[in-house]
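Visitor: Please show me the model, and then let us go through it by question and answer.

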Amino acid sequence: MSFVFNTTKSIINAPNASSELGLYCQTLNIKNVLLVTDPGIVKLGLHQKMIASLENSAINYVLFSDVEVDPPTEVIENALAFAKNNNIDGVIGLGGGSSLDTAKLIAALTHSKQTLNDVFGIDKLENSRLPLIQIPTTAGTGSEVTPISIVTTGEAMKMGIVSSVLLPDIALLDATLTVKLPPHITAATGIDAMVHAIEAYTSKIKKNIYSDMLAVQALKLMANNIQTAVHQGEDLTARSNMMLGATLAGQAFANAPVAAVHALAYPLGGHYHIPHGLSNSLVLPHVLKFNMSSAAHLYAELADVIIPEDCANLGSDNEKAQAFIQHLEYLIADIGLPNRLASVEVNEDALPMLAKDAMKQERLLINNPRPMNEADILAIYQAAY
Ligand SMILES: NC(=O)c1ccc[n+]([C@@H]2O[C@H](COP(=O)([O-])OP(=O)(O)OC[C@H]3O[C@@H](n4cnc5c(N)ncnc54)[C@H](O)[C@@H]3O)[C@@H](O)[C@H]2O)c1
Ligand SMILES: [Fe+2]
C-alpha cells in the first residue's frame, strides 16, 4: 500500500485557544502580522480577544477585513496589495473557508514574484510562504489543514490553487468562536464537512489507511453532533465535536480528495451563489445513489459507524448503504436545509448547462468511485430537482 500523507504541522484544539494567539505568533517568530478576516466576523467582535492577545505579546498587527464569501480574484488582489504595503512577517486567517483561503494566498504571494494568475492549478507555487496560523470560525471546510485555496474567477467559475506550500504552520481550533454561528450556516458548513469525510472514504485513487481512520472518526463526531449544534448552538460540547470533526475530515480529504458531490456542487455555487455546503447537501443523496453499484460496501462500513443500532438488524451491504443514505436525508431535513434544486430557485432549463460545467471538474471526478459522464450528471441534477 503506497501513499503520501501530509498535514498541518501543529494542531491546537482547546476552547479559548485563540486567546493565546500572541504566544503562538512568538513560537513562529512573527513580529508584524496581518489578520485576514471578513466583515461579519468583525461585526461580531470575534477578533477582539485575539487582538488583545497580540497586544499583550507586543506583536504589531494590521487588519484586512474585506474578505467576501467565495472570494473572487479582486478580493485576493486587494488583500495582496494591502499586505505588500505593510511590512508583514506573518499571516493569521480568521473566519470560514473564505477568509482562511484568502490568508493562505497572501502568505504565499506577499514576498513572491508570482501573481495570482501564475499559480492556479496544482504545484505552481515556486517559493516558500510567510508563517501562517489559521483559526476557523465555521466547522466546515477544513481549510486549516488542507493545501488548497478556492477562488471565484470570472462570473461563475471556481478554481483551485493546490500546493503543499499552502499547508499552514498552526491550526488553532477554538470552538467558542462557533457558538454564535447561525443555524443555517452551522447546518450547511457541517454537511460540507461530512461530505469531505464521506468522499475521502470512497476516494478512488488516493484513499489510504490514515485518511480512512480520519474520515471514520470525523463522520462519527459530526453525525452524532450536527443536530445539537444546529438546534442548541450554545452547546460547547457539540460545537467542539463539530469543529474537531471538520478538521479531521479536512485532513482526510486533503490526502484522499473529494469527488462527484463536490464536482456537481461547484456549478451551483458559481451560477446561483448557493453556499458551498448547501450546494453539496442538495446533490449528496443523489450522487450516493448513483455510486451504489461501485461503493455500497464502503457506504455500508460508514453506516456501521453512524447508525450501528440500525445496522444490527440489516444484512447485506446494499441494505446498510441504503440505510446510510436515508439517514443522511433525515439529517439534512432535521437541520432545516432545503432538499430540492427547485426550492433554491435553480432554473430547470439550466440543468444541461450545469452538467456541462460540472464535467470541467475533472480534478474531482477522477476520484469518484463510479465513472460519471455528462448524461449521468444531468440525470443526477434532474433527480435532485
Ligand atoms: N481550502 C479548502 O480546502 C476548501 C474546502 C472547501 C471549501 N472551501 C471554500 O471555503 C469557502 C466557504 O467557507 P465557509 O463555508 O466556511 O464559509 P465562509 O467563510 O464563506 O463564511 C460564510 C459566512 O459565515 C459567516 N461566519 C463565519 N464564521 C462565523 C461565526 N463564527 N459566527 C457567525 N458568522 C460566521 C461569515 O461572516 C460569512 O458571512 C468557499 O469559498 C469554498 O469554496 C475551501
Ligand atoms: Fe467542501
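Visitor: Does Pro182 count as buried or exposed, and why?
Guide: A residue is buried if 20 or more other C-beta atoms, placed from the backbone, lie within 10 Å of its own, exposed if 12 or fewer, and partly exposed in between. Pro182 has 10 C-beta neighbours inside 10 Å, so Pro182 counts as exposed.

Visitor: What kind of model is this, and how are its parts numbered?
Guide: This is a predicted model, in which local features need pLDDT of at least 70, side-chain atom pairs count only at pLDDT 80 or more, and totals for chains, interfaces and linings use all residues. Residues are numbered from 1 along each chain as its sequence is written, while chains are lettered from A and ligands numbered from 1 in the order in which they are written.

Visitor: Where is the place of Pro182?
Guide: Helices (H or I, at least four residues) and strands (E, at least two) are DSSP runs, numbered from the N terminus. The C-alpha atom of Pro182 is separated by 7.9 Å from that of Val230, 48 residues apart along the chain. Pro182 itself sits in the loop between E9 and H6.

Visitor: Which way do the residues of E9 point?
Guide: In a regular strand the side chains alternate between the two faces of the sheet. In E9, all four of these residues are buried: one way point Ile170 and Leu172, and the other way Ala171 and Leu173.

Visitor: In E9, what is the bridge partner of Ser10?
Guide: Two strands pair if DSSP finds at least two bridges between them. E1 and E9 pair in the parallel sense over 4 bridges. The bridge partner of Ser10 in E9 is Ile170.

Visitor: How many residues of domain 2 are in contact with domain 1?
Guide: The domain assignment, which is automatic or from a database, gives domain 1 (10-177) and domain 2 (183-384). The centres of the two domains, taken over C-alpha atoms, are 26 Å apart. Two residues are in contact if their C-beta atoms lie within 7 Å; 23 residues of domain 1 are in contact with residues of domain 2, which number 25.

Visitor: Which element gives the most residues to the shell around ligand 1?
Guide: A residue is near a molecule if its C-beta atom lies within 6 Å of it, and 31 residues surround ligand 1, the closest including Gly40 and Thr146. The shell draws at least three residues from each of domain 1 and domain 2. With 4 residues, the element that gives the most is H5.
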